[in-house]
Every structure is written in structure tokens, then in C-alpha cells.
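Subject: Structure handover

Dear colleague,

Here is the structure I said I would pass on. My notes follow below it.

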Amino acid sequence: MSEMRGSVQKSRIDDKQNACRQDELAALKRSIIQHILFNLGSDYKSTGKLNYFRGLAYSVRERLIERWIKAQRSYYENSQTKRLYYLSMEFLPGRFLMNNLINLGMDHLARRTLEEFGYSLQEIESEEWDPGLGNGGLGRLASCFLDSLATLKIPAYGYGIRYHYGIFQQVIENGYQVEKADDWLRIGNPWEFERPQHLYPVYYYGRVHEWRDETGRVRSDWVDKQVVMAMGCDTLIPGYGNEHVINMRLWSAKSSREFNLDFFNVGDYIGAVEEKIKSENISMLLYPSDEADQGKELRLKQEFFFVSASLQDIMRRHKKQHDSFDSFPEKVAVHLNETHSAIAIVELMRLLIDQEGLDWDHAWSVCIKSFAFTNHTIMSEALEKWSVDLIGKLLPRHLQIIYKINFHFLQNVARLYPGDVARLQRMSMIEEDPVRQVRMASLAIVGSHSVNGVSDLHTDILKEHVFRDFYDMFPDRFNNITNGITPRRWLLSANPDLSRLITERIGPEWPTDLGRLKALIPLSNDPDFRSQWAKVKQQYKRRLADYIRQTNNISVSADSLFDVQVKRIHEYKRQLLNVLHVVTLYNRIKGNPDVAVVPRTVIFSGKAAPGYRTAKLMIKLINSVAETINDDPDVADKLKVVFLSNYCVSLAEKIIPATDLSEQISTAGTEASGTGNMKCALNGGLLIGTYDGANIEIMQEVGEENCFLFGLTADQVKNLKNQGYNPRAYYMNNPELKKALDMIASGHFSLAEPHLFKGIVESLLDGGDWYMVLADYQAYVECQEAASRMYHDRDEWTRRSILYTANMGKFSSDRSILEYARDIWNVEPTH
């Protein structure tokens with residue numbers, strides 16, 4: 001009898017749950033139809049996929065805004081809430097739809113709803129355009145951090161620029177990169193809310209008028225200045241499974257005058273709108289070329305534009321609940337993501353002193369306690385500097401403040417290190433030779449209470465070399481927080497089949513507690529589990545092979561070793577080293593066509609900065625080598641080379657789950673951290689790399705025996721350069737290396753232009769080979785041979801693949817954010 005009652009009760013629960021699901025299904029279907037009808041003005045029975053994407057996006061946004069308003073209310077209701085403001089010139093979020101659905105727990109509901117309209121979720125998702133609001137790792141990291149901030153329920157806001165044209169669309173024509181405008185807003189953006197009520201003036205040019213107030217205090221007015229208005233545009237970021245939503249506020253430039261009627265009335269129609277066009281250019285394009293002076297000026301305008309608007313917004317929010325700025329550092333944490341936002345320190349000083357009436361010492365105390373700074377680069381040429389003349393022209397009041405900050409700072413340096421003139425010159429915020437420039441990294445360090453690197457090695461290099469003088473003076477300010485990635489985007493969303501397999505075996509908690517993946521370690525010895533794992537990997541490799549055939553008209557075998565290097569094209573990332581290995585493999589096959597080799601598909605993808613000629617020529621070289629190899633019948637299916645164009649987040653989501661071997665081969669001591677290494681490892685891609693950035697920490701987690709690491713360490717690189725590195729000696733003493741370089745230089749891969757790539761080889765042999773390509777070549781080739789031998793034993797390769805995923809708990813961006821919140825921001829999650 002009791003069993004019957006239990007069965008009836010369970011049946012009632014199941015019926016109730018089914019009814020609830022049917023109600024949710026009907027509600028989402030009704031919402032999509034209403035948005036297509038009333039927002040988009042279309043007939044849902046005859047419209048296409050684009051409108052169904054937009055209708056679904058608006059329906060999801062409705063659910064996001066309700067949660068966001070609840071979160072904002074909770075911040076205001078708790079007087080103890082301290083908010084984090086994350087300032088970044090770049091965000092690279094990827095498509096929002098699937099990530100939002102997964103975080104809201106709506107992905108299955110959306111899939112079923114769309115099926116009733118005759119569409120799959122995958123084809124509707126493909127209608128969304130990647131927002132190209134970043135250049136690469138820096139912007140992608142910022143977006144991972146926003147996902148973690150929301151998931152951890154930390155009161156936070158992201159601030160950046162709403163670029164009308166994002167990072168360019170890359171097209172390959174005759175092997176060359178060609179840049180096309182990325183008009184990602186051409187169909188509108190269904191995710192954002194424009195906030196015209198949050199419109200702030202941002203000023204440029206003019207002059208400074210000084211006067212004394214009634215107390216005799218010298219005051220400064222910034223006068224005769226030009227104004228541009230900044231309008232906030234909010235995109236909502238949901239946490240995973242927790243109803244908590246934060247926002248990314250991106251600023252769009254608006255003219256203070258839409259139309260000049262005086263010009264129009266005399267027939268000057270261009271002049272009538274000229275001011276509007278010039279003003280709105282500020283947020284038009286991500287990273288304008290800074291080769292010309294106009295480009296430099298626009299870039300500095302962009303940096304100041306978004307920090308000024310952001311600080312005004314932060315201060316408005318603070319003043320709603322507080323009458324003074326005494327408590328500002330206890331309620332506000334402002335994080336500077338690289339030096340692009342360092343001018344915020346000077347702008348906050350101006351706002352506090354000139355507008356709020358604080359004295360210098362009080363304002364400076366507020367600044368230092370409020371700001372924290374992350375450095376993402378090691379190379380000195382990448383540390384941002386702005387000419388004194390340009391800052392004086394564009395931001396005259398700020399140059400005055402910079403001089404005063406520097407004056408007080410150097411007084412402290414002189415007091416601590418009396419008579420050390422060289423140290424004063426090194427630490428000054430003003431570089432005197434060859435032209436006077438403001439060192440923005442120095443400003444960021446002096447004006448922040450915390451400075452962090454993004455991997456153990458990177459932070460050690462900052463403390464021991466790059467910022468050694470500052471570390472000597474402020475040892476307590478320097479700390480390390482290793483970068484991380486969000487597992488929601490990079491495993492749960494990008495690799496749903498592997499995620500399902502993992503969840504079936506260890507439970508559903510791992511997306512918010514990545515350390516739980518350790519439970520996979522014993523499963524790596526289970527033959528049945530290895531078989532299922534390999535089956536999933538092979539499935540993604542087949543999908544990528546299909547994509548390569550559709551986009552590049554190249555047939556590759558999904559059984560071959562997928563050897564992947566996907567990242568920004570740059571000399572220090574050493575795509576050239578990879579190419580030299582490819583040419584060496586080619587020569588070995590040509591020398592003995594009957595030799596048994598592990599079939600290999602070498603996949604490149606990445607963009608070169610439009611003005612970076614060497615990097616763009618590298619893309620041409622990769623494509624020229626690919627064309628020669630792929631068309632050679634002697635090679636057949638033993639070796640294929642592919643360059644996939646227009647690398648972006650959605651393309652990465654296709655490539656990374658299919659990766660067997662992840663190339664992370666930057667010169668040791670040049671890559672701050674890297675996150676591509678983490679993404680591939682989380683998806684079971686084995687690492688071949690140098691002792692650089694986070695590669696070392698991945699090795700420590702996974703086990704050195706499971707990695708293919710090679711080459712010089714950062715200290716060995718430095719020592720070899722100091723001793724007098726001779727790249728030509730490596731060339732003369734290594735026949736395979738010499739042959740590969742000679743083929744490139746002599747036009748073997750560019751028959752129509754025999755000298756096309758000669759400059760690349762000359763930069764190695766006669767230009768000093770700054771990134772030590774030739775020094776690491778032999779060790780790299782031997783490491784690749786070890787990888788090929790391992791791939792022969794596919795079962796052992798799969799076992800190691802499982803161990804990579806299992807040991808990636810440290811590299812969750814949730815761990816990174818918890819460390820920032822605890823050690824730097826002093827911010828607590830909201831409850």
C-alpha cells in the first residue's frame with residue numbers, strides 16, 4: 001500500500017514538473033512571437049532565422065533585466081556593499097546567446113522551443129555576430145572575469161568602449177591578410193540597453209586658468225575646452241545558475257551639438273555635421289593605427305574618453321549614498337586592466353581637487369587606496385608611453401597633475417636613495433630621451449595600492465627586471481594572480497558532448513568548482529571511459545575537418561594529429577618556428593616518400609595588426625608553405641597545413657575542442673601568461689611549449705612527464721644574449737635548419753616572387769634573431785618527434801588527454817577572481 005502511495009506521489013510530482021516545463025515552453029514561445037511581431041515588425045510565420053535569433057535574444061534579455069534590477073537593489077540596500085569597477089579598453093565576449101542560455105539554465109528550453117518553430121538552436125546561434133570589442137587575450141580575459149564576477153555574486157561593473165567597428169574582419173586574398181571593416185552593429189544589438197540618462201561630458205584641448213580662492217589656495221580651471229558626450233550602453237552578464245546579473249557598461253561618443261544650423265543656412269552642409277562626425281569618431285574604431293600623429297591622438301582620446309566617463313559614473317553612484325569621499329576607498333575598488341586606463345588616476349585627481357574641492361594630500365590618499373593595476377606585458381616596447389607634447393595639447397590640466405605627482409614621488413625616491421641620480425631618472429614618470437614622454441606604467445604603479453602580474457614567472461620578471469626599482473621601493477604592492485578562463489564558455493558551452501560525459505561520471509557541480517575535475521584522474525585508467533573520451537574528441541575533429549573543407553577547400557583526415565597554433569600573429573609568439581618544423585617534416589617526407597610517419601594536420605589561425613608588416617608577411621609565408629605542401633602528391637595525407645581566416649571567439653570554439661597538440665612556443669620570458677594554453681588543456685589538448693608564462697604552472701599541475709616542453713628558459717635566454725648570441729652558428733651547424741631557411745629565402749615557396757621571404761631569413765641570420773628561433777629549433781624538432789611517437793599509442797594519448805582536463809582546476813577564472821577579491825579589492829560576494 002505504501003509503495004502504491006509512493007508511486008502515485010511520484011507520478012503527481014512528475015506530472016507537475018511536466019506541466020511546469022510545458023508552461024515555460026509556452027511562455028518562451030509566446031515571448032519570441034511577441035518580439036518578432038511588436039519589436040521587429042515581422043510576421044513570425046514567414047520571417048527568417050535572423051528575426052528568430054533577435055526574438056529569442058530579446059526574450060532572454062527580459063529575464064536578464066529582472067535579475068539585474070534585483071542585484072542592483074541589493075547593492076543599495078546593503079550599506080556595507082563595496083563595489084568593483086573593472087576598467088578595460090578591450091572586452092572580447094564572443095556570441096552572447098548560448099552563454100546566456102546556459103548560465104540561465106535555459107538552453108534545453110530554448111532548443112525545444114526553436115524546434116517547434118522548425119529551427120535548431122545551432123543554426124539560430126550562428127546568426128549572431130561576434131562583438132569584436134577586443135584584439136585578443138587581454139579582451140578575452142576581461143570577459144572571462146566578468147563571467148566569474150557574476151557567477152561569484154561579486155558587486156561589479158565592467159567599463160569599456162562601444163566600438164562601432166571592432167577588430168577587423170580578416171580575409172585571405174592570394175595568401176595575404178586583407179582587413180575589412182567589422183560592422184558588427186549593422187543588424188543592431190539586441191542585448192544592449194542604451195542609457196541616455198547617463199550622459200557625461202568629456203573634455204579635451206583648451207588651457208588651464210589658475211587663481212586663488214578666498215582662503216589663498218591656488219585653484220585651477222580647465223577653460224576653452226571642447227566637449228564630447230559619453231552615453232552608456234549596458235550589456236547584461238549573468239552568473240551561472242545563481243540569478244545574479246551584472247552589467248558591462250560601454251561608452252558611445254555623442255556630439256554635444258547634433259547639427260549646426262548656421263553652417264546649414266549658408267549652404268555648408270558638411271560643416272553643419274562636421275563637429276558631430278569628429279566627436280563620434282572617438283568610439284568608432286577599435287585601436288586606430290598609431291603610425292601617424294592623428295592616430296596617436298585618437299588613441300589617447302579613446303583612453304581618456306572611457307575612463308573619464310566611467311569615473312563620473314562611479315562618483316555619481318557613490319554620491320547617491322555618501323556625502324563625502326572619505327569612505328570612497330572603502331566602498332569603491334577601481335581596477336586598471338593594463339596601462340590603457342592608467343590616465344584614470346590623473347582624472348580622478350582632477351575630479352576630486354577641481355570639482356569636489358579636496359586638497360592634494362586627501363585626493364592622493366583616496367586615489368592610491370582605490371586603484372589597483374594589472375600588468376600584462378614584459379617587453380619594454382609594449383609598455384605604453386605618451387609624448388608630453390600630445391598630453392599637453394589634448395589634456396593640459398592632466399599634464400600639470402602628472403608633473404606634480406612625479407615631483408612628489410621623486411622627492412620620496414631621493415629621500416630613500418640619496419645621491420642615486422640614475423635611479424631618479426629610471427623611476428621618473430617623465431622619460432627625457434629621445435623625446436619627452438610620460439611612462440604610463442610608472443604612473444599606474446605609483447598611483448595604485450596593488451600591482452600584479454598574471455603568472456608566477458611573469459611576476460618574478462616584473463619584480464626582478466622590468467619594475468625592479470619600483471619593487472625595491474614598494475615590495476608590498478607587488479603580487480601575482482595567475483590568469484584563468486571561465487569553464488562555462490570554454491568547456492560547458494564550447495564542448496557540450498565532453499561536458500555531458502564528464503557530468504555523467506562526476507556530477508554537475510564542476511562548472512562552478514573546477515577542482516572537482518580531479519575526480520576524472522582514476523577514470524583515466526578505465527578503458528571504457530577512455531574509449532568514450534576518444535570518441536568525443538574524434539567527433540569534434542570530424543566537425544573541424546568539415547569546416548576546413550567548406551572554408552578552405554582542403555581535405556584533412558580526422559585521424560591525423562591536429563597540431564594547433566591559434567593566437568595573434570607576432571614574432572615573439574614564434575609562428576615562424578612552427579613553420580620551420582613544418583618545412584623540415586616536408587623535406588623528410590620528400591626525401592623518403594615511403595617513410596612511415598604519423599599523419600599530421602598543422603592548423604594556424606590569428607590576426608596580424610594592420611601596420612605590423614613582418615607579422616602580415618608571416619601569414620603569407622604560412623599560406624605559401626601550405627599551398628606547396630598540400631598540392632604535392634608525394635606528401636598526400638601525411639602532412640597538411642591550414643590557415644583558418646578571421647580568428648575570433650566563435651572560431652576558437654570550433655578549433656579548441658578538436659585540438660590534439662596545443663602550440664604554446666613563445667620565447668621564454670616574453671609571454672606574460674597566455675590563456676590559449678589553458679583553453680586547449682581544459683579540452684584535453686596536450687601541451688607542446690616553452691618554459692614561459694603559465695605553461696610552467698600547467699606543467700606543475702599536469703605533470704612534466706605529460707607535457708612536451710623544450711627550449712631555453714628565461715634566464716638562459718638572457719644569459720645567451722649577454723654572452724653574444726650568434727644565430728648564424730646554429731644555421732651553419734644544423735643541415736635540416738639550413739635547408740629549411742634556404743628554401744624560404746630562395747623562393748621555393750614563392751616561385752613568382754623569389755625574394756619575397758628573404759627578409760624574414762635575413763632578420764634571423766643578420767638581424768640578431770631577437771626571439772631565439774634558431775636557438776630553440778633543434779629542441780623543438782626533437783620534442784615534436786616525441787609527440788609523434790606518443791600519438792602512435794592513441795590509448796595512452798587519450799589517457800593523458802583526460803589527465804589534462806582533470807588537472808585544470810587551478811586555471812578557472814573563478815579562482816583568479818576570488819584571489820583578486822580577497823587579496824586586492826577587499827570585496828565580498830553579495831548574499
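Does Lys 319 count as buried, partly exposed or exposed? Lys 319 is partly exposed, at 42% relative accessibility. Please keep in mind that this is a predicted model, and that the values below are computed from it.

Salt bridges

Lys 319 has a salt-bridge partner in Glu 356, with 3.0 Å from N to O between the two side chains. The two residues are 37 apart and sit in distant parts of the chain: Lys 319 belongs to helix 9 (residues 293-319), while Glu 356 is in the loop between helix 11 (343-355) and helix 12 (360-370). Glu 356 is also partly exposed, with a relative accessible area of 28%.

In total the model has 51 salt bridges. One of them brings together the side chains of Lys 616 and Glu 179, at 2.8 Å from N to O.

A local case is Arg 800 with Glu 796, whose side chains form a salt bridge at 3.0 Å, N to O. Both residues lie in helix 32 (residues 794-806), and because they are four residues apart, about one helical turn separates them. Arg 800 is buried, since its relative accessible area of 13% falls under the 20% cut-off. Glu 796 is buried as well, with a relative accessible area of 19%.

There is also a network in which salt bridges share partners: Arg 195, Asp 234, Arg 249, Asp 313, Arg 316 and Arg 317 are joined in this way.

Six strands make up an open sheet with parallel pairing, in the order 19-18-17-20-21-22. At its edges are strand 19 (639-644) and strand 22 (708-709), each of which pairs on one side only. Strands of a sheet pair through backbone hydrogen bonds, in either a parallel or an antiparallel manner. In this sheet, strand 20 (residues 661-664) and strand 21 (residues 686-689) run parallel and are joined by four bridges. Within that pairing, Ser 662 has Leu 687 of strand 21 as its bridge partner.

Helix 21 (residues 527-552) lies across strand 17 (561-566), strand 18 (600-605) and strand 19, and runs at about 70 degrees to strand 19. Helix 32 lies across strand 17, strand 20, strand 21 and strand 22, at about 85 degrees to strand 21. Helix 32 is also the helix that holds the Arg 800 and Glu 796 pair.

Helix 31

Helix 31 (residues 773-792) has 20 residues. From its first C-alpha to its last, helix 31 reaches 28 Å, close to the 28 Å expected at 1.5 Å a residue.

Backbone points to check

Asp 433 and Pro 434 are joined by a cis peptide bond, with omega at about 0 degrees. Pro 434 is placed in the loop between strand 13 (430-431) and strand 14 (437-439).

Asp 224 is not a glycine, yet has a positive phi of about 55 degrees. Asp 224 is found in the loop between strand 7 (218-223) and strand 8 (226-238), and counts as exposed at 57% relative accessibility.

Glu 338, likewise not a glycine, has a positive phi of about 80 degrees. Its loop runs between strand 10 (332-337) and helix 11. With a relative accessible area of 7%, Glu 338 is buried.

Val 466

Val 466 lies in helix 17 (residues 456-466) and is partly exposed, with a relative accessible area of 27%. Apart from its neighbours within four places in sequence, Val 466 is in contact with Ile 378, Leu 383 and Ile 461. Ser 450 is 16 residues from Val 466 along the chain, and 16 Å separates their C-alpha atoms.

Regards

Key. Residues numbered from 1 in each chain as written. Heavy atoms only, no water. Salt bridge = Lys/Arg side-chain N within 4 Å of Asp/Glu carboxyl O. Buried < 20%, exposed > 50% of the residue type's maximum accessible area, 1.4 Å probe, protein only. Pairing = 2+ DSSP bridges. Contact = heavy atoms within 4.5 Å. Axes fitted to C-alpha atoms, helices over the stretch in contact; angles between N-to-C directions. Expected span 1.5 Å × (residues − 1).
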